[in-house]
Amino acid sequence: MDQGIYVGIDIGSLSSEAVLLGDEGVLAYSITNTGANPRRAADRCLEDALAKVGLDEGAISQIVATGYGRIRVPFASRQMTEITCHARGAHFLFPRTRTVIDIGGQDSKVITLNAHGAVTDFVMNDKCAAGTGRFLEVMADALETELVDMGRKSLQAKRGVPISSMCTVFAESEVISLIAEGYKEEEIIRGLHEAISKRIFRMAKRLRVQEEIALSGGVAKNQGIAEALKALFRKRINIPPEPQIVGALGAALYARDMALGKG
Ligand SMILES: Nc1ncnc2c1ncn2[C@@H]1O[C@H](COP(=O)(O)OP(=O)(O)OP(=O)(O)O)[C@@H](O)[C@H]1O
Ligand SMILES: [Mg+2]
């Protein structure tokens, strides 16, 4: 018998992902920029993922879409919230997960789960760029450094320079002043990571955060942020091999449930 192909698509504000799940686990995934046209991003990431395993759309059993742009995926049978999908994906990867911290391009969220993986509560910052990937992108530009190097650089610093503004516009001016005052680049970056992590830690205090914690979203690839969060939360923090696909993986798991009559 042919195996089922269950698809999860996460259309985020900055990046879009497709995960192809088979009966035995993840078969392929793809990550692309969302750009100005989420519908096209959905097509593109699905086509890329299918091409990786030499399949076409006819092979798909079920599709679930999530993320900020989920309503722009007309070919999905169901749309589900990011909260639900990130929780499901993280619980699948690390079954002892009780808290998920998702730091994306445009918002950050902390989600608590029970022992079965069901969402019990969540908090979200979607009002401003502070504490998000976008904030770090602006700071990387101000520092004339590559975003992907920020984690490594910050870990070279012995301490972080305190950053007082969290508003992106003010923090950018503050960073420029700190450079002019002669502070080392790595100390400024470490200060930025500490400031973002503190903001997320304070937000998480509104919930009952329990071990184990899983990180999701593109910012989890920044080791400097991961270390700063570990120092604050003092709990076990798991980072998936590809943190950016956790939401799409959760959506694919729901697609599998639907196809098998469980959803
Ligand atoms: N290799 C990397 N190193 C450091 N940061 C990265 C890396 N790759 C992506 N990022 C960060 O991840 C962010 C995007 O994360 P993600 O793909 O989870 O966002 P999104 O799902 O599009 O946004 P949202 O969930 O807020 O709608 C970028 O802003 C960038 O800062
Ligand atoms: Mg996202």
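Biologist: At what angle do helix α6 (residues 185-204) and helix α7 (residues 223-233) pack, and how far apart are their axes?

Modeller: Two packed helices are described by the angle between their axes and the distance between the axes. Here α6 and α7 pack at about 50 degrees, with axes 9 Å apart, which makes α6 oblique to α7. Axes are lines fitted to C-alpha atoms, for helices over the stretch in contact, and angles run from 0 to 180 degrees between N-to-C directions; those under 35 degrees count as roughly parallel, over 145 as roughly antiparallel, 65 to 115 as roughly perpendicular, and the rest as oblique. Helices (H or I, at least four residues) and strands (E, at least two) are DSSP runs, numbered from the N terminus. The model is predicted, so local features need pLDDT of at least 70 and side-chain atom pairs count only at pLDDT 80 or more, while totals for chains, interfaces and linings use all residues. Residues are numbered from 1 along each chain as its sequence is written, and chains are lettered from A and ligands numbered from 1 in the order in which they are written.

Biologist: What is the handedness of the crossing of α6 and α7, and which residues of each helix make the contact?

Modeller: A crossing is left-handed if the near helix is turned anticlockwise from the far one by less than a right angle, and right-handed if clockwise; that of α6 and α7 is right-handed. The contact (C-beta atoms, placed from the backbone, within 7 Å) involves, among others, Ile 189, His 193 and Phe 201 of α6 and Ile 225, Leu 229 and Phe 233 of α7. By class, this contact has 9 nonpolar, 3 polar and 3 charged residues, where Ala, Val, Leu, Ile, Met, Phe, Trp, Tyr, Cys and Pro count as nonpolar, Asp, Glu, Lys and Arg as charged, and the others, Gly among them, as polar.

Biologist: At what angle do α3 and helix α5 (residues 168-180) pack?

Modeller: Their angle is about 30 degrees and their axes lie 10 Å apart, which makes α3 roughly parallel to α5. The crossing in which α3 passes α5 is right-handed. From α3, Phe 135, Val 138, Met 139 and Ala 142 meet Thr 168, Ala 171, Glu 172, Val 175 and Ile 176 of α5, and the residues of this contact divide into 7 nonpolar, 1 polar and 1 charged.

Biologist: And at what angle do helix α2 (residues 82-93) and helix α8 (residues 246-259) pack?

Modeller: These two pack at about 90 degrees, with their axes 7 Å apart, which makes α2 roughly perpendicular to α8. Their contact includes Cys 85, Gly 89 and Phe 92 of α2 together with Gly 247, Gly 250 and Tyr 254 of α8, and its residues divide into 9 nonpolar, 5 polar and 2 charged.

Biologist: Into which domains is the protein divided?

Modeller: Domain bounds come from an automatic or database domain assignment, and here they give domain 1 (1-94 + 242-263) and domain 2 (97-239). Taken over C-alpha atoms, the centres of the two domains are separated by 26 Å, and 18 residues of domain 1 are in contact with 23 residues of domain 2. On the side of domain 1 that touches domain 2, the elements giving two or more residues are α2 and α8, and the largest share, 9 residues, comes from α2.

Key:
Contact = placed C-beta atoms within 7 Å.
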